[in-house]
Amino acid sequence: MSVCIKDQIQNMNLVIGCTVGCPYCYARNNVRRFHMIEDFAKPEFFPQKMRLMEKQRPQNFLLTGMSDLSGWKEEWREEVFAKIKENPQHQFLFLSKRPDLLSFSTDLDNAWFGVTVTRKSELWRIDALRENIKAKHYHVTFEPLFDDPGQADLTGIDWIVIGTMTGAAGRKVRTEPAWAYSLTEQAHALNIPVFWKEDLIPIMGEENMIQELPEEYEKVLEEQRKWNSRLSK
Ligand code: SF4
């Protein structure tokens with residue numbers, strides 16, 4: 001039985017707003033609908049949300065569900081990194097579509113830096129990730145996919161996620177099974193775990209779903225189960 005990625009990794013939207021401007025951005029629509037900030041193109045930082053990081057029950061957190069790391073001010077990033085360091089019980093993920101705008105190094109053990117690739121012409125983002133961000137963990141999300149990425153250089157990448165366009169647009173552009181299988185084979189050849197998002201079930205078939213997580217995230221989920229069973233006693 002496949003799982004929903006949101007049950008494994010929760011959003012903590014410390015920054016809301018993004019300047020990248022993807023036409024299919026669901027975050028922009030939600031921000032407008034719920035009037036979360038004035039202008040989505042002007043990212044805002046909500047440091048008070050960082051108190052969630054102080055919880056001792058471990059969690060996997062995505063910190064860029066409504067932003068792109070390239071749009072974060074350096075001082076926001078530094079404040080968040082300091083808090084991450086104080087809370088090694090969690091794992092934290094960041095995503096960017098503009099790794100060419102980023103340049104930093106970090107020795108954080110529990111921070112994962114990734115790029116989104118939606119087509120072959122965006123494979124350069126993986127090189128820029130490795131070149132511009134010096135970190136301990138890297139990941140790549142192939143979602144939504146608009147064409148076949150072909151051969152991707154996944155050297156040094158620790159996890160890949162594959163998904164497809166959802167909603168009404170998903171009827172027009174969708175990830176082809178051959179693209180997902182090719183990326184999966186390339187990753188597995190390097191022992192990289194692969195996670196197919198639940199949106200791929202109608203395309204790939206429930207019985208074929210591959211949903212592997214890095215060891216570090218599995219450890220967090222295992223700890224969560226222990227916490228839950230202690231609480232239910
Ligand atoms: S990078 Fe993400 S948050 Fe920014 S516009 Fe694109 S989909 Fe939206």
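This is a predicted model: local features need pLDDT of at least 70, side-chain atom pairs count only at pLDDT 80 or more; totals for chains, interfaces and linings use all residues.
Reader: Where is asparagine 191, and is it buried or exposed?
Author: Asparagine 191 sits in the loop between α5 and β11. It counts as exposed because it has 7 C-beta neighbours inside 10 Å. The cut-offs are 20 or more other C-beta atoms within 10 Å of a residue's own for buried, 12 or fewer for exposed, and partly exposed in between, with C-beta atoms placed from the backbone.

Reader: Back to α5. How far apart are its end C-alpha atoms?
Author: They are 18 Å apart. Helix α5 has 13 residues (177–189), and at 1.5 Å a residue they should span 18 Å, so the two values agree. The expected span is 1.5 Å times one less than the number of residues.

Reader: Which residues of α5 are buried?
Author: Ala180, Leu183 and Ala187 are buried. They cover an arc of only 70 degrees around the axis, so they are on the same side of α5. The arc is that of the directions from the helix axis to the C-beta atoms.

Reader: What is on the other side of α5?
Author: Ala178, Glu185 and Ala189, which are exposed.

Reader: And what covers the buried residues of α5?
Author: The cover includes the strands β9 (137–142), β10 (159–162) and β11 (194–196), together with helix α6 (201–204). Between β9 and β10 there is a loop that holds proline 144. The peptide bond from glutamate 143 to proline 144 is cis, with omega near -15 degrees.

Reader: What about aspartate 158, buried or exposed?
Author: Aspartate 158 is buried, because 20 other C-beta atoms lie within 10 Å. Aspartate 158 also lies in the loop between β9 and β10.

Reader: Which residues does aspartate 158 touch?
Author: Not counting residues up to four places away in sequence, aspartate 158 touches His137, Tyr138, His139, Ile192 and Pro214. A contact is a pair of residues whose C-beta atoms, placed from the backbone, lie within 7 Å. Aspartate 158 and glycine 114 are 44 residues apart in sequence, and their C-alpha atoms are 9.7 Å apart in space.

Reader: New topic. How many residues are in the largest nonpolar core?
Author: The largest nonpolar core has 51 residues, and those with the most contacts inside it are Leu63, Leu93, Phe94, Phe142, Ile160 and Ile162. Such a core is a set of buried Ala, Val, Leu, Ile, Met, Phe, Trp, Tyr and Cys residues joined through C-beta atoms within 7 Å.

Reader: What is leucine 93 in contact with?
Author: Leaving aside neighbours within four places in sequence, leucine 93 is in contact with Ile9, Phe61, Leu62, Leu63, Trp112, Gly114 and His139.

Reader: And where is leucine 69?
Author: Leucine 69 is in the loop between β4 (60–62) and α3 (74–86). With 24 C-beta neighbours inside 10 Å, leucine 69 counts as buried. Beyond four places in sequence, the contacts of leucine 69 are Thr64, Phe94, Leu95, Ser96 and Leu102.

Reader: Which residues are around the ligand?
Author: Cys18, Val20, Gly21, Cys22, Cys25, Ala27, Arg28, Ser67, Asp68 and Lys97. A residue is near a molecule if its C-beta atom, placed from the backbone, lies within 6 Å of it. The shell divides into five nonpolar, two polar and three charged residues. Ala, Val, Leu, Ile, Met, Phe, Trp, Tyr, Cys and Pro count as nonpolar, Asp, Glu, Lys and Arg as charged, and the others, Gly among them, as polar.

Reader: Last one: where is histidine 35, and is it buried or exposed?
Author: Histidine 35 is in the loop between α2 (26–33) and β3 (44–45). It is exposed, with 7 other C-beta atoms within 10 Å. Phi of histidine 35 is near 45 degrees, a positive value in a residue other than glycine.

How values were computed: Residues are numbered from 1 along each chain as its sequence is written. Helices (H or I, at least four residues) and strands (E, at least two) are DSSP runs, numbered from the N terminus. Two residues are in contact if their C-beta atoms, placed from the backbone, lie within 7 Å.
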